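Hi everyone, thanks for coming.

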Amino acid sequence: MVDGVPDSPAGRVADGDGTPATAGPAGAGGGGGGGRASGGGPVRALVRGLRAVPLPLALIAMIGLAGAVLGRVYAGPLLTWLVLGAAVGSVLVSVAARRLPSWLVAPVSVLAMVGWTAWSLRFTAARAELPGSLVEVTADAAANGIPRLLTAMIPVEPAPDTVLVPLVAAWLAGLAGAEVAMRAGRVLLGYLPPVLLYAAALYVVGPNADPAIGATLALVAVAVLGLVVPERGTAGADPAAGLAPGVRAAVRARLAAASAAGLAVVVGLVALLGPLLAGQVDGRPVDPRRYVEPPQVETLDENPLIRISGWALNPGQQLLDVRTRRSGPPGAVPAPDPGADPGPGADARPVPIRLAVLSDYDGVTWRVGATYRNAGRILPVTAPAVDSTVQTVRQEITVAGLSGRLLPAVATPREVTGARVAYDPTTGTLIRPEGLTPGLRYSVTSAMETPDANLLGTADVPAGEEVARLLRVADGMPDPLRRLAAQLAESNGAPYARATAVEQFLAEHYRLVADAPSGHAYPNLNFFLFGPRNAGGQRGTSEQFAAAFAVLGRLTGLPTRVVVGFRAAGDGPVRAGDAYAWPEVLFEGLGWVPFDPLPRPDEEPRPVEEDFRPAPEDPPPSEVPEPTVEPTAPPEQEAAPGGPADSGPSTALLVGSGTGGTALLVVAALLTLLLMRRALTRTRLERGDPGQRIAGAWREVTDALRLAGHPVGGDLSASEVAVRARRAVADARARMSGHTPTAAGPSPGTAGTGPEGTGPEGTAGTGPEGAGPEGTGPEGTGMAGSTTGAVGLDARVDELAGLLNRTAFAPGTATAEQAARAVTTAGDYVGALRAARPWWRRLLWSVRPGPLRWPR
């Protein structure tokens, strides 16, 4: 009522914002009434403005709570503030644009969102010291935002790719909620976007933070507050006022019934869903990260140990350029370098730069076995041992010729700038998912930990499920390795004494060389430890020394692992010759301690037989030709005296029939064997993919050796079999020519292979008596270093052994051309070996049933 004139529906008009206003009656004089109405307008506008504040604040608070919940897995409060800024900006844009047409609000709000997001991305990129322009950073974040958010290491550093998705989602939730709640007046429906955002934040956090009970209760309280406080001056207004009494009663009855029905639905939902939701409070949420594959690496990065031999053959290749700065508490010294001699000045000792930590061994290959998570500039911190000394090492590293994804750093990295990295905290290995490129420059700050040497003598080693991976010994362990480990452990009870015994035994009995073939499988290690020196045994690179220490250590109960890295002697280039591998042992309370099993340069190794003599192994039985049983005619029986001469078939007829039938059976059997042998050969050499054909060609060679009386045992590597194959042909030819067979190695001019052949990406080493290191190639070529054209048969057999190793350790890499060469080599070798046999053995060669029944 204004000036005593009651309001009427006809007198209710709308202000510009849609809020009902009261006007005087038609034709009323404008003096007094108009003055009072205009005088109360500002007051009513202020009241309406204050009553309109709680709903926008409720929307902002709900979105801000979603940011706070998500921010629990981020490092620092930056993400929470950025999400809160997006909430304020999106809701205020909608409030300020209420008088604009609804179709114009969304474009304006999106433009504001682009501005806020661009500023946030620029700020976080500068804070994380990421290279690149704003356009490059934004494009990378837009392309990889979701997978990196779900694979990032917790705590997640606020970076462009980890804040873009939360910011955009928060802004869109604020825009949708404000428009629906304030413009359309559907408050409950307007709450839906912020509630969904909050639920998404809970899902992304998963089990990686404590239950957000307090934040959830605060969300409910804020939502209720936004519903309780009325808007637009409707407090206490009766929706049925001004209606006829009968209509008013009907409206009120329907409102009461609707309220009762709504209350009943709410109570029913609470009763139905309450116990279910309560039971989930203590349950473990689902981690969405398990549905996203973390960054992966290739074979060379999973087992960089096989690169040691290739680097050793090209020691001058520059891989890195390093600048080092050290700092630490007074008296701090760097961690012991496993590959350097102690010097008088501790700070002058080289700093070992770690490339990868290999903890898994299956009897064939050492692997990193890491689960990498995208990490920011700051990496997770692990508490050092109580009595250890920690020195901070800062390095600026520039990549030159190093390839792959593994990122070198001093153990243990704490901060990385200049490159986007993924990190495995279990092994401490860093990778750059995009791969290394020449000229890449990054800085690493590491905490180099040195345990108290005085505590090592009495330290124990951990046990249980936590270190089962580090104690695992795969099946197929050669018996000499077990007996050597038992001999080293029987007189050394303490763990550190056992580790020192293994270290000293390797350093005193073996020679470090650069041209040893790659390989650390059980047969390789067995030959390295016990093989004859004149055949290439008891010599190897740091690959064999570190792998042998780790295996022997596990056999004695020590949790071990192998580390591949570089020896950085001050500032300057790090070359391929600085690459080496060293073993580490885990001690309880002290952490990982490196050991140095490499021999001293000025010491001559003692023969292994002086301190350990493996039991002689029974040689495989020689293949004895299967005797051919010639059918014999039964003796002729004399006719009974006085018997009739034509009483039955004559003895000659019976003997002839029996002999002929037997001969036919023998011929049919021999023909069947011949056809079956040829069918087996065709199946091996003509069917399947190139790898299967190469394996079939190798089976033809080994079957030929067995047919010639030179069977090969299952414990021999491909390269050892190749050596025996060459020797078998040479001996057979010498016998045919009347000369005495010699035990010499491969003929001059051929590329001799090492006793253990090539590794997965390794090289075919030098022969036991053959040529020198020309058989190897940097980075591993999977076959001998010589050409594979029209060369001698010995060299082609060596190449076939290399191809077999390649297909075994790198399946799917063989080509059809290599398979064709393997088939030709197998046929030539079988023909050469057969031609060197006596004539009667050549006749039986193709019908011997042995290859049909021998294990494949």
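Let's begin with Arg-567, which lies over the face of Tyr-580, at 4.1 Å from the ring centre. To count as a charge over a ring, NZ of Lys or CZ of Arg has to be within 6 Å of the ring centre and within 35 degrees of the ring normal. Another case is Arg-561, whose charged end sits over the ring of Trp-592, 3.9 Å from its centre.

A quick word on where this comes from. This is a predicted model, in which local features need pLDDT of at least 70 and side-chain atom pairs count only at pLDDT 80 or more, while totals for chains, interfaces and linings use all residues. Residues are numbered from 1 along each chain as its sequence is written, and side-chain values use heavy atoms, with hydrogens and water left out.

Now, ring against ring. How many aromatic pairs does a search of the whole structure find? The search finds 13. Rings of Phe, Tyr and Trp (its six-membered ring) pair if their centres lie within 6.5 Å; planes under 30 degrees apart are stacked, over 60 edge-to-face, and the rest tilted.

Take Tyr-361 and Tyr-522: this pair is edge-to-face, 5.7 Å centre to centre with 80° between the planes. It links distant parts of the chain, as Tyr-361 is in strand S5 (residues 360–361) and Tyr-522 in helix H16 (residues 522–530), 161 residues apart. Helices (H or I, at least four residues) and strands (E, at least two) are DSSP runs, numbered from the N terminus. Are these two tyrosines buried or exposed? Tyr-361 counts as buried because its relative accessibility is 5%, and Tyr-522 is buried with a relative accessible area of 5%. For us, buried means under 20% relative accessible area, exposed over 50%, and partly exposed in between (1.4 Å probe, protein chains only).

Next, Phe-549 and Phe-595: their ring centres are 5.6 Å apart and their planes at 25°, so this pair is stacked. Phe-549 belongs to helix H17 (residues 542–555), and Phe-595 to the loop between strand S18 (591–594) and helix H18 (651–686), 46 residues apart. Both of these phenylalanines are buried. Ring pairs also join Phe-549 and Phe-595 with Tyr-496 and Phe-587 into a cluster.

Last, the sheet. This open sheet has 5 strands in the order S9-S12-S8-S3-S16, with antiparallel pairing; two strands pair if DSSP finds at least two bridges between them. Strand S9 (413–417) and strand S16 (572–575) are the edges, each pairing on one side only. Strand S3 (residues 318–327) is joined to S16 by 4 bridges, and Gln-318 has Arg-575 in S16 as its bridge partner.
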